[in-house]
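My notes follow in the order I made them.

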Amino acid sequence: MVIKLSAPFSEKLGAREISMELKDKASLRSVLELLVERYPVLEETINPGRIDESYGYALLCVNEGRIMKLDERVNDGDTIRIIPPIMGG
Amino acid sequence: MSVLGGYCGKILRVDLEKKEIREETLPEELLRKYLGGSGIGARLLYDMTDEKTDPLGPGNPLIYMTGPFAGTPVPTSGRHQIIAKSPLTGIYGEGDVGGTWGAGLKRCGFDGIVIEGQSGGPVYILIEEGKASLEDAGFIWGKDTYETDRLIKERHGEAVSVSCIGPSGEKLVKLSSIMHDGKDARAVGRTGLGAVMGSKKLKAVVVSGSRTVKVADENGLKQSIKDIAPGIVKNTNAIKQHGTAAGVIGTEAIGDFPLKNWSGATWDKIENVSGQRMTETILTGRYFCESCIIGCGREVEVKEGPFVTGGAGPEYETIGTLGGMCLVDNLEAIAHGSELCNRYGIDTISTGSAIAFAMELYEKGLIGIDDTGGIELTWGNAEAMVEMIHRIGRKEGIGELLGNGVREAAARIGGRAVEYAIHVKGLEFPAHDPRAYNSLALGYATSNRGACHLQGASYFFEKTATMPELGIPEPKDRHRLDDQGEFQKNTQNIMCLMDSLKLCKFLLYGGVRTTHMREWLKYVVGWDIGFEELMEIGDRVFNLKRMYNVKCGISRKDDTLPPRILSQPRREGGAKGNLPHLGRMLNEYYTARGWDDDGIPKQETLEKLRLTW
């Protein structure tokens with residue numbers, strides 16, 4: 001699967017796109033845990049424990065325009081965008 | 001019923017022609033039926049005008065109205081509403097604004113002001129500690145809004161709050177706004193009310209007072225606010241950090257951000273114009289309206305280069321229209337353009353939309369370099385975007401045409417221009433796409449002031465907001481086909497309530513519900529208003545505005561969207577392929593509203609709401 005990061009996450013990592021292989025179907029939560037494990041520099045900005053699902057003020061994950069929930073299953077061929085919250089005017 | 005606090009119970013009536021000012025009591029029954037703000041404003045406008053009223057004539061009143069909580073610690077309660085018949089659309093017009101002015105009027109001892117007639121020469125209204133007078137505006141006529149604020153404060157002291165128009169309103173540009181608080185630039189942007197003020201030769205309304213606003217139960221109110229405030233602050237943190245533009249990147253990701261006059265789909269430059277980029281580069285501070293704990297306002301500075309600016313920073317809507325709609329990815333240019341719009345006193349949404357419309361006409365060869373007065377109106381041309389703001393603001397050249405709004409501009413240009421005029425009922429689209437949120441299709445089509453995302457704000461409840469008491473326990477699917485009619489009715493009624501109570505809609509992101517609104521009515525005013533009565537008030541206010549528009553000739557034929565939105569889906573990105581099925585949603589909505597098939601409120605609906613034609 002492909003993970004695309006927008007600012008500020010991309011700036012932390014120094015890259016805008018990462019590829020990851022999923023052996024089995026995983027939840028979004030476990031994908032993010034794996035991401036942070038592989039790239040510790042993202043720990044402060046991407047931490048599954050900090051995603052507030054009700055209000056999403058930390059970050060959101062979007063799959064083909066659809067906002068994802070943490071326990072949702074992710075497929076190996078998916079592209080996920082990690083973006084700041086959709087809040088504001 | 002008895003009012004124990006909140007309201008002053010009176011307004012000022014100003015007749016500019018006769019040069020008379022008098023006080024008028026607001027009957028308690030009126031307060032209970034309409035609450036304040038938009039509700040009372042709509043009632044007054046309905047009673048004072050009709051379909052024949054010229055929006056720029058002496059018969060169109062300019063109505064300022066606060067809510068019951070202004071001047072109290074209720075979060076965000078310092079807002080006020082301005083209402084008049086719109087010169088841009090020819091129907092119901094209004095705008096909502098924060099800043100300091102609303103609470104300032106309350107502290108003078110008045111809930112609102114109704115301004116009638118037209119002055120012979122430029123004047124401003126001065127209200128100090130309950131005394132009102134008409135003053136000569138010769139020293140500020142022709143000045144921009146920042147300069148007007150500065151000069152008035154030089155004369156009357158720094159503690160006054162100023163509501164004013166800029167040169168555009170004086171010239172009756174139909175995109176004119178009414179601005180507040182000088183460089184902090186809080187705007188009543190939409191529907192051209194600045195031109196109404198200009199037609200009256202009224203430059204400003206200045207308030208200054210120290211009266212304490214009474215509340216019914218101080219301890220109850222304190223506890224209620226203490227309970228909800230931490231949640232509001234926590235859950236709106238993104239807005240405080242990065243402003244209303246916090247969601248720019250996200251809205252592009254889901255196919256909502258406007259691009260290239262609504263013909264674009266995705267934009268790889270989006271981060272250049274984001275709230276996050278603003279924070280890293282040009283942000284110098286954050287602004288809080290009176291009694292606000294959210295702090296969405298931005299203060300920015302650009303010290304050098306072609307786009308120098310300082311003061312209020314651009315909002316999401318401004319970035320959407322001066323930026324995305326024109327494909328301008330230069331944040332400094334957008335901030336500079338925003339300041340120009342504020343100074344001239346023109347609506348950034350309609351102005352950006354008009355420029356984008358003109359860019360598309362230029363691309364398609366429907367207008368040329370002779371028409372633009374030498375400006376190369378190409379997509380992404382930041383200098384051209386800025387120069388067009390000057391032309392519109394000054395009513396010069398092609399700016400004179402575009403300053404009438406895209407509907408009239410397209411009609412005057414003729415031919416295929418009408419295909420590129422994206423509006424509903426004459427009001428240009430705000431920066432959210434009905435193809436990204438199906439409910440916005442219905443919302444824009446039926447909003448009482450034309451295309452508006454806030455008259456229903458249904459998309460809030462498809463992002464993060466919830467309202468369990470209205471059957472919205474969690475955010476809804478934005479591309480669903482069902483469950484749209486009743487949902488839109490309920491969200492519109494809630495927004496009418498918030499516009500009448502004069503509360504900021506960002507409170508909804510913060511978890512505020514109707515229970516909190518009822519608590520505040522109890523602790524501030526002393527009223528025990530049940531949920532059913534509260535929702536009935538919202539329903540009444542919405543229907544009253546619809547009745548006004550029906551008298552102005554509005555019906556189902558006008559509850560529609562431009563062909564570009566109904567039949568041309570985005571080709572890629574987060575809203576790829578989606579088109580809203582408006583006809584089906586509209587039928588459901590009319591049924592939910594108790595209107596007939598032509599969108600006219602039925603007699604039994606009006607009787608239930610205690611409304612009569």
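Which residues in α17(B) meet which residues in α22(B)? I found B:Ala441, B:Leu442, B:Ala445 and B:Thr446 in α17(B) meeting B:Leu582, B:Met585, B:Leu586 and B:Tyr589 in α22(B). I took contact as C-beta atoms, placed from the backbone, within 7 Å. The residues of this contact divide into 7 nonpolar, 1 polar and no charged. The classes are nonpolar for Ala, Val, Leu, Ile, Met, Phe, Trp, Tyr, Cys and Pro, charged for Asp, Glu, Lys and Arg, and polar for the others, Gly among them.

Notes on the source: this is a predicted model, in which local features need pLDDT of at least 70, side-chain atom pairs count only at pLDDT 80 or more, and totals for chains, interfaces and linings use all residues. Residues are numbered from 1 along each chain as its sequence is written, and chains are lettered from A and ligands numbered from 1 in the order in which they are written.

Entry on the α17(B) crossing. I looked up the axes of α17 (residues 438–446) and α22 (residues 582–593) of chain B: they come within 10 Å and cross at roughly 65°. That makes α17(B) roughly perpendicular to α22(B) (65 to 115 degrees counts as such). Axes are lines fitted to C-alpha atoms, for helices over the stretch in contact, with angles from 0 to 180 degrees between N-to-C directions.

Entry on α13(B). The axes of α13 (residues 348–363) and α14 (residues 382–394) of chain B come within 10 Å and cross at roughly 115°. I therefore noted α13(B) as roughly perpendicular to α14(B). The contact is made by B:Thr351, B:Ala354, B:Ile355 and B:Ala358 of α13(B) with B:Met385, B:Met388, B:Ile389 and B:Ile392 of α14(B). Its residues divide into 7 nonpolar, 1 polar and no charged.

Entry on α19(B). At 1.5 Å a residue, the 12 residues of α19(B) (514–525) should span 16 Å, and its end C-alpha atoms are 16 Å apart, which agrees. The expected span is 1.5 Å times one less than the number of residues. Buried residues in α19(B) include B:Trp520 and B:Tyr523 (buried: 20 or more other C-beta atoms within 10 Å of the residue's own, all placed from the backbone). I saw the buried residues of α19(B) pack against α7 (218–235), α18 (485–501) and α20 (531–551) of chain B. Just after α19(B), B:Gly526 takes a positive phi of about 95°.

Entry on chain A. I noted 2 helices and 7 strands (DSSP runs, H or I of at least four residues and E of at least two, numbered from the N terminus). Of the 89 residues of chain A, 35% count as buried.

Definitions and conventions
A residue is buried if 20 or more other C-beta atoms lie within 10 Å of its own, exposed if 12 or fewer, and partly exposed in between; C-beta atoms are placed from the backbone. Two residues are in contact if their C-beta atoms, placed from the backbone, lie within 7 Å. Angles under 35 degrees count as roughly parallel, over 145 as roughly antiparallel, 65 to 115 as roughly perpendicular and the rest as oblique.
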